[in-house]
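Please read the points below beside the sequence and the structure, which are shown first.

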Amino acid sequence: METVAATGSGLVVALAGGVGGAKLSHGLALNGLEERLCVIVNTGDDFTLYGLHISPDLDTVLYTLAGIANPQTGWGILGDTDHTLRMIGRYGRETWFWLGDRDLATHILRTERLRAGARLTDVTAELAAALGVRARILPMCDEAVPTIVETPTGSLPFQDYFVRRRQKDTVVGVRFGGIERARPTPEVLAALDAAAVVVLCPSNPIVSIGPIVAVPGLRERLRALHVPIVAVSPIVAGQALKGPADRMLATLGHEVSPRGVARLYADFLDGIVIDNQDAALAPVIEELGIAVYVTDTVMRSEADRQRLAAETLAFAERLGKRVEQG
Ligand code: FO1
């Protein structure tokens, strides 16, 4: 097994969506890096339900790093119950988005703080501190930038597409409402300034990493960084590890492979970690000027998360040296 990269005292900055992003972030933390870990999280999936502000990807990262995530789903809280949701159903309301009783506490308190004028960044830090999470969990921005999925029959809010309609619609376009008015927060900019390495987690490149790098100025910052930026491919053997990324890439005209993913990040990416099953693609990805590391990328256990994170950091460290040597 690779040893953990001695990437100096700088931050390990991860860009993450939901379950895949949370798993690799957890792997980084398991390598003794929790104090130096900063996870910048997609908030395009955020929405309002029953008057509450829900931030699914922030909560998935939060619960995973706090050790209370539901291991079956990857989202929600281990052992959570649904008494509240059932009562909401008795009142005749739709209950297509499963909100557990304990999970609801997070949404209630977040909503209260936001209504009082707090920034999502501060509220997230408060929740993380209360759950004993030492890593920094940063929303990509404090503005609302809801992901809208375009389908042949019209536009759908993201969770309508993803959960309510179970990703059955063909995605012909994706946009992030109000993104032009969003700005990277001072905390996100400071994290990137202090980064020793940036890791793009194996999250959906269109609707998880896509919104993060679409925040005006963020992509340019990544391009200008002098530290290694590496991605872990969420596509293995032509399929997404989880969710609709494979179909989405195809209908949006991208190659459904680690090369298709690498191309989406090509202007700022130094290296990509791909699965053993895709080893044959390494030479064609390297033609893009992106280094490749091949390993088992499927995270089935905590040990897998830790090993993949360690190997990814060791790979990034070798690239860092290569960049420095010119
Ligand atoms: N995903 C589902 O497929 N069905 C659900 O009912 C559901 C509820 C849910 C509640 C809280 C939460 O934080 C996440 C939840 N998710 C659910 C996951 C989530 O909507 C998606 O996986 C992400 O938005 C995509 O990253």
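Predicted model: local features only at pLDDT ≥ 70, side-chain atom pairs only at ≥ 80, totals over all residues.

1. Residues are numbered from 1 along each chain as its sequence is written, and side-chain values use heavy atoms, with hydrogens and water left out.

2. The protein chain has 13 helices and 14 strands; helices (H or I, at least four residues) and strands (E, at least two) are DSSP runs, numbered from the N terminus. Its radius of gyration, taken over C-alpha atoms, is 19 Å, close to the 20 Å that the globule rule (2.2 Å times the number of residues to the power 0.38) gives for 326 residues, so the chain is as compact as a globular protein of that length.

3. Buried residues, meaning those under 20% relative accessible area with a 1.4 Å probe and protein chains only, make up 56% of the 326 residues in the protein chain. Of the contacts (heavy atoms within 4.5 Å) with a separation of 6 or more, 69% are between residues 24 or more positions apart.

4. An open sheet is formed by 7 strands in the order β5-β2-β1-β9-β10-β13-β14, with parallel pairing; two strands pair if DSSP finds at least two bridges between them. Because β5 (136-139) and β14 (291-295) stand at the edges with a single partner strand each, one side of each is left without a neighbour in the sheet. The twist averages 20° from one strand to the next, where axes are lines fitted to C-alpha atoms, for helices over the stretch in contact, and angles run from 0 to 180 degrees between N-to-C directions.

5. Helix α1 (residues 19-33) packs on this sheet, touching β1 (11-16), β2 (37-41), β9 (195-200) and β10 (229-232), and its direction makes about 165° with that of β1. Helix α2 (residues 56-66) also packs on the sheet, where it touches β1, β2 and β5, and its direction makes about 175° with that of β5.

6. Strand β6 (residues 147-151) is mostly covered, since 4 of its 5 residues are buried. β6 pairs with strand β8 (residues 173-176) in the antiparallel sense over 4 bridges, and there Thr147 has Phe176 as its bridge partner. Another 4 bridges join β6 to strand β7 (residues 154-157), again antiparallel; these two strands form a hairpin with 2 residues between them, and Glu150 has Ser155 of β7 as its bridge partner.

Note on methods
Buried < 20%, exposed > 50% of the residue type's maximum accessible area, 1.4 Å probe, protein only.
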